[in-house]
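Please look at the sequence and the three-dimensional model below before you read on. The briefing after it begins with a single residue and its contacts and then widens to the fold.

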Amino acid sequence: MEKRKQDKKWGHCSHCKYFDSPAKAPLDGEEAACMQPSLSKFSLRVFGTCGCNGFELRAGLSRAIEEPALRV
Ligand code: SF4
């Protein structure tokens with residue numbers, strides 16, 4: 001979790017444009033291939049809750065979706 005706060009580029013696969021899901025809004029538990037150009041050669045299968053710093057926001061989503069939720 002600390003890593004996410006330090007790295008603005010990090011994001012979840014379910015919100016990433018390289019998550020090869022046909023769904024418009026993939027679910028956290030969904031599994032799909034990662035199509036990020038430098039990672040696709042590894043034929044990775046990732047879950048929506050996974051993530052990395054190769055993340056790029058999926059079309060139609062706001063960056064706010066990756067902001068930590070406030071708990072009071
Ligand atoms: S592993 Fe990284 S690049 Fe691939 S879908 Fe997940 S966040 Fe995107």
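A32 touches F19, D20, S21, P26 and V46, leaving aside residues up to four places away in sequence, where two residues are in contact if their C-beta atoms, placed from the backbone, lie within 7 Å. This is a predicted model, in which local features need pLDDT of at least 70 and side-chain atom pairs count only at pLDDT 80 or more, while totals for chains, interfaces and linings use all residues. Residues are numbered from 1 along each chain as its sequence is written.

**Core and burial**

- A32 also belongs to the largest nonpolar core, whose seven residues are C13, C16, Y18, F19, A32, V46 and F55; such a core is a set of buried Ala, Val, Leu, Ile, Met, Phe, Trp, Tyr and Cys residues joined through C-beta atoms within 7 Å.
- In soluble globular proteins, nonpolar side chains tend to be buried together.
- Of the 72 residues of the protein, 22% count as buried, a residue being buried if 20 or more other C-beta atoms lie within 10 Å of its own, exposed if 12 or fewer, and partly exposed in between, with C-beta atoms placed from the backbone.

**Overall fold**

- The protein has one helix and four strands, which follow the order α-β-β-β-β from the N terminus on; helices (H or I, at least four residues) and strands (E, at least two) are DSSP runs, numbered from the N terminus.
- The C-alpha trace spans about 40 × 25 × 20 Å along its principal axes.
- Among the contacts with a separation of 6 or more, 46% are between residues 24 or more positions apart.

**Ligand surroundings**

- The ligand is surrounded by 14 residues, of which the closest are C13, C16, C34, Q36 and C52; a residue is near a molecule if its C-beta atom, placed from the backbone, lies within 6 Å of it.

**Two loop residues**

- W10 lies in the loop between α1 (2-6) and β1 (11-12), and W10 counts as partly exposed because it has 15 C-beta neighbours inside 10 Å.
- Although W10 and E56 are 46 residues apart along the chain, their C-alpha atoms are separated by 8.6 Å.
- S43 is found in the loop between β2 (31-33) and β3 (45-47), and S43 is exposed, because 8 other C-beta atoms lie within 10 Å.
- S43 is not a glycine, yet S43 has a positive phi of about 50°.
- Most residues other than glycine have a negative phi.
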